[in-house]
Every structure is written in structure tokens, then in C-alpha cells.
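Work through the exercises below with the sequence and the model side by side. Each task is followed by its solution.

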Amino acid sequence: MARRAQPRPASAVRPFKLLRPPLKVWIDLNILYPLPPHHSSKFNPEGFDVRRVVPGDLVEWSITVDGDWLGRVTYELMSRDRSETVTH
């Protein structure tokens with residue numbers, strides 16, 4: 001009789017997986033930095049532009065206590081004369 005593979009218990013799942021090399025992805029900053037309902041503010045041309053889609057690197061998968069997976073990404077936030085590397 002063939003032996004069936006048993007699923008690994010949740011505690012046996014590694015909590016993270018580093019991706020080497022990182023996977024190239026597109027990140028929608030509108031979703032990552034949503035505006036609250038009824039938001040009003042004054043435009044500032046010197047601020048970071050978070051209303052665009054930017055290229056980034058998926059560097060890691062991490063598991064939550066609920067068993068869902070989160071992607072850790074690195075990307076550049078741009079302003080008129082400055083950029084910052086951000087990791088989420």
C-alpha cells in the first residue's frame with residue numbers, strides 16, 4: 001500500500017523566505033498609501049509623489065500568525081529633487 005504524504009503542521013512552516021535574487025515587481029503606491037474618506041489637503045510640489053505605480057524589488061515572503069503571506073518590497077519614493085529608498 002502506498003504511503004500518503006502528510007501535510008506539515010503550521011508550526012513547521014518557515015516564517016519567512018528570502019528571495020535571492022529579488023523578484024522585480026510593480027508597486028501601486030495609491031493602494032499602499034490610501035487617502036482617507038473625505039480627505040482634503042493642500043498640494044505641495046516639494047513632497048513625495050505617492051500617487052503613482054513604481055518599480056520595486058520583492059525581497060522576502062513572511063507569514064502572519066493567521067497563516068497569510070506578506071510580501072516585503074523595496075522601492076524608491078521620489079520628490080522633485082530627492083529620492084528615498086523605502087522597504088515595507
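**Exercise 1.** In which strand is Ser 62 found? State also whether Ser 62 is buried or exposed.

Solution. The model is predicted: local features need pLDDT of at least 70, side-chain atom pairs count only at pLDDT 80 or more, and totals for chains, interfaces and linings use all residues. Residues are numbered from 1 along each chain as its sequence is written, and side-chain values use heavy atoms, with hydrogens and water left out.

Step 1. Ser 62 is found in strand 2. Strands (E, at least two residues) and helices (H or I, at least four) are DSSP runs, numbered from the N terminus.

Step 2. The relative accessible area of Ser 62 is 19%, so this residue is buried (under 20% is buried, over 50% exposed, in between partly exposed; 1.4 Å probe, protein chains only).

Step 3. The Ser 62 side chain makes a polar contact with the side chain of Glu 60 at 2.6 Å. Such a contact is a pair of N or O atoms within 3.5 Å; within protein, one must be able to donate a hydrogen and the other to accept it, and residues adjacent in sequence count only if both atoms are side-chain atoms.

**Exercise 2.** Describe the sheet and its pairings.

Solution. Step 1. The open sheet has four strands in the order 1-2-3-4, with antiparallel pairing (two strands pair if DSSP finds at least two bridges between them). Its edge strands, each pairing on one side only, are strand 1 (16-28) and strand 4 (83-87).

Step 2. Strand 2 (residues 53-63) is joined to strand 3 (residues 69-78) by seven bridges. Asp 57 has Thr 74 in strand 3 as its bridge partner.

Step 3. Between strand 3 and strand 4 there are five bridges, and Leu 77 stands opposite Glu 84 in strand 4. These two strands form a hairpin with four residues between them.

**Exercise 3.** Is Pro 34 buried or exposed? Locate this residue and give its distance to Arg 51.

Solution. Step 1. Pro 34 lies in the loop between helix 1 (29-32) and strand 2.

Step 2. Its relative accessibility is 56%, so Pro 34 counts as exposed.

Step 3. In sequence, Pro 34 and Arg 51 are 17 residues apart; in space, their C-alpha atoms are 9.0 Å apart.
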